[in-house]
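Hello,

Here is the structure I promised to pass on to you. Please open it first, and then read on for what was found in it.

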Amino acid sequence: MSLLAIAYPKIAAADFEKIQLCRQQHDSLYYNLVKPHFTLVFPVANIPEDVFLEEIGKLCSGVDKISFVLRCATLNKDSFSDYYHTFLVPDEGYSSIVKLHDKLYDGILQNQLRMDIDYVPHIGIGNSKDPLHCKKLASTWNAQTFSIAGIIDEITVVKYENNRVDPVKNFPLL
């Protein structure tokens, strides 16, 4: 079992449906596992759930909601597998999400941070072992003018176990 901290963004229903339609067609790894989200703390397996929850709650206390706007799709090589991913990345809100990610890795999670991997805030929309597939998907999105505005108003701790993602607790932001 692993614990993660993620943010399910609040976006317009039409934008959510557009992302989900794309994910249904191109995201074979995660579409059936979890809704569109930003990962803030990646899987942690060696910290007890109550300690993890207390830490995330403490670090989220006093954090403001984050507004963001997605206008760009990018290609990313997975550091742990043969997969490539297509991400929607925020223009606006990027630095606020990075700062929240960094804050959540203070304290007891400090040793869990992978220093060898760049953190890029994103919502995943596709994956494949063929990099050209993911590049074409990114190019298709980028050939359009799109602007998906949203807000992150809570952090959700989820449990990943037996190929399932289940919510454990929500922490509202100010």
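In what order do the elements of the protein run from the N terminus on? They follow the pattern β-β-α-β-α-β-β-α-β-α-β-β-β. That gives four helices and nine strands, where helices (H or I, at least four residues) and strands (E, at least two) are DSSP runs numbered from the N terminus.

A word on the basis: this is a predicted model, in which local features need pLDDT of at least 70 and side-chain atom pairs count only at pLDDT 80 or more, while totals for chains, interfaces and linings use all residues. Residues are numbered from 1 along each chain as its sequence is written, and side-chain values use heavy atoms, with hydrogens and water left out.

Now the overall picture. The C-alpha atoms fill a box of roughly 45 × 35 × 25 Å along the principal axes. The radius of gyration is 16 Å, which agrees with the value near 16 Å for a compact globule of 174 residues; the radius is taken over C-alpha atoms, and the globule rule is 2.2 Å times the number of residues to the power 0.38. Of the 174 residues, 42% are buried (buried means under 20% relative accessible area, exposed over 50%, partly exposed in between, with a 1.4 Å probe and protein chains only). Among contacts (heavy atoms within 4.5 Å) between residues at least 6 apart in sequence, 75% join residues at least 24 apart.

Next, the rings. The structure holds three aromatic pairs; rings of Phe, Tyr and Trp (its six-membered ring) pair if their centres lie within 6.5 Å, and planes under 30 degrees apart count as stacked, over 60 as edge-to-face and the rest as tilted. One of the pairs is F42 with Y119, edge-to-face at 6.2 Å centre to centre and 75 degrees between the planes. This pair links distant parts of the chain, 77 residues apart: F42 belongs to strand β3 (residues 38-44), and Y119 to the loop between α3 (94-104) and β6 (123-128). F42 counts as partly exposed because its relative accessibility is 35%, whereas Y119, at 14%, is buried. W141 and F146 also form an edge-to-face pair, with 5.1 Å between centres and 80 degrees between planes, and both residues are buried.

K35 sits over Y8, 5.2 Å from the ring centre, and K77 over Y84, at 5.4 Å.

Best wishes

Key
Lys NZ or Arg CZ within 6 Å of the ring centre and 35° of its normal.
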